[in-house]
Amino acid sequence: MADPTYTPPAVWSADTVSGGRFASINRPTAGAREEKALPVGQHPFQLYSLATPNGVKVTVLLEELLEAGHKAAEYDAWTINIGAGEQFTSGFVDVNPNSKIPALLDQSGPVPFRVFESGAILVHLAEKFGMFLPTDPASRAEVLSWVFWQVASGPFMGGGFGHFYAYAPEKYEYPIDRYAMETKRIFDVADQQLAKTRYLAGDEYTLADIANFPWLAPFVAGQIYNDAKTFLSIDEYTNVARWAREIAARPAVQRGRIVNKVWGEENTQMRERHAAEDFAGKNLDWTF
Ligand SMILES: N[C@@H](CCC(=O)N[C@@H](CS)C(=O)NCC(=O)O)C(=O)O
């Protein structure tokens with residue numbers, strides 16, 4: 001049980017950390033905890049991920065590239081069970097020393113190489129296929145600004161608000177207030193932008209939308225962190241809702257959203273993805 005009157009000692013120690021949902025996997029150290037290789041398929045891209053908002057950014061982009069006819073964007077997607085600590089196996093740490101999904105192995109050329117951090121993966125793939133990241137400096141800067149903004153904002157919404165509001169074993173007003181404030185401010189930033197432009201970076205659908213949609217849309221849909229939609233009055237953000245609904249209707253988004261999803265209705269789950277045929281019989285509809 002955490003102590004609400006806690007006074008930090010001079011030197012923090014992991015030994016006294018109280019329980020909670022992630023207590024069994026959290027440690028203050030990096031590196032592999034278990035020797036285990038990752039599975040590797042035949043396609044140019046090997047994705048090690050999970051259908052959390054950070055994971056969905058990448059599967060949506062890969063499905064968009066395939067939808068646009070880029071056959072060279074074919075990929076194998078493998079589920080990493082972060083609740084069971086699979087991000088700490090030696091194989092995963094080799095592709096991401098930070099032990100967080102998503103991680104990508106690019107084996108499209110003679111020498112395979114890794115890419116980790118969702119923002120880096122999005123930029124790598126967009127540059128490789130020349131899509132969703134404009135080349136003229138002003139438009140490119142605008143898109144990258146919204147991508148980096150998302151990667152910087154995500155931890156306030158997830159590790160901050162989501163953690164203290166939904167996952168923490170005891171609820172404390174101070175951190176919930178702090179991160180509710182920040183999450184609403186983030187929504188307002190997006191809402192004010194989307195009052196002016198159809199997509200986040202202007203008139204075109206770009207990486208800016210692909211990075212932000214998986215984080216913002218679940219709040220609009222009321223499908224993240226218990227009843228966060230009501231708690232944060234997400235209905236106020238009408239421009240975000242209009243944008244999220246337009247993007248949710250895209251076939252590639254509907255496919256990408258279920259890749260590496262291992263919860264919910266059985267026909268919306270996909271532990272591994274190796275081919276377009278894997279989506280046959282799945283319920284892809286996501287209306288909210
Ligand atoms: N900045 C990273 C964040 C990735 C991240 O936080 N991934 C979470 C799931 S959404 C994870 O793998 N957590 C496992 C852990 O913290 O042990 C990115 O954008 O790729």
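1. Start with the pairing of E1 and E2. In this predicted model, strand E1 (residues 45-49) runs parallel to E2, and 5 bridges link the two.

2. E1 and E2 belong to an open sheet of 4 strands, ordered E2-E1-E3-E4, and the pairing is mixed. E2 and strand E4 (113-116) are the edge strands, each pairing on one side only. Ignoring direction, neighbouring strands of this sheet are turned by 20° against each other on average.

3. The antiparallel part is worth a look too. Strand E3 (residues 103-106) and E4 run antiparallel, joined by 4 bridges. Here leucine 104 has valine 115 in E4 as its bridge partner. As for H1, the helix packs on the sheet and touches E1, E2 and E3, while its direction makes about 155° with that of E1.

4. Back to E2: is this edge strand buried or exposed? Of its 5 residues (75-79), 5 are buried, so the strand is largely enclosed by the rest of the structure. In a regular strand, side chains alternate between the two faces of the sheet. For E2, both faces are covered: Tyr75, Ala77 and Thr79 are buried on one side, and Asp76 and Trp78 are buried on the other. I'd keep that in mind when viewing E2, given that it pairs on one side only.

Terms used. Residues numbered from 1 in each chain as written. Predicted model: local features only at pLDDT ≥ 70, side-chain atom pairs only at ≥ 80, totals over all residues. Buried ≥ 20, exposed ≤ 12 C-beta atoms within 10 Å, placed from the backbone. Pairing = 2+ DSSP bridges. Axes fitted to C-alpha atoms, helices over the stretch in contact; angles between N-to-C directions. Contact = placed C-beta atoms within 7 Å.
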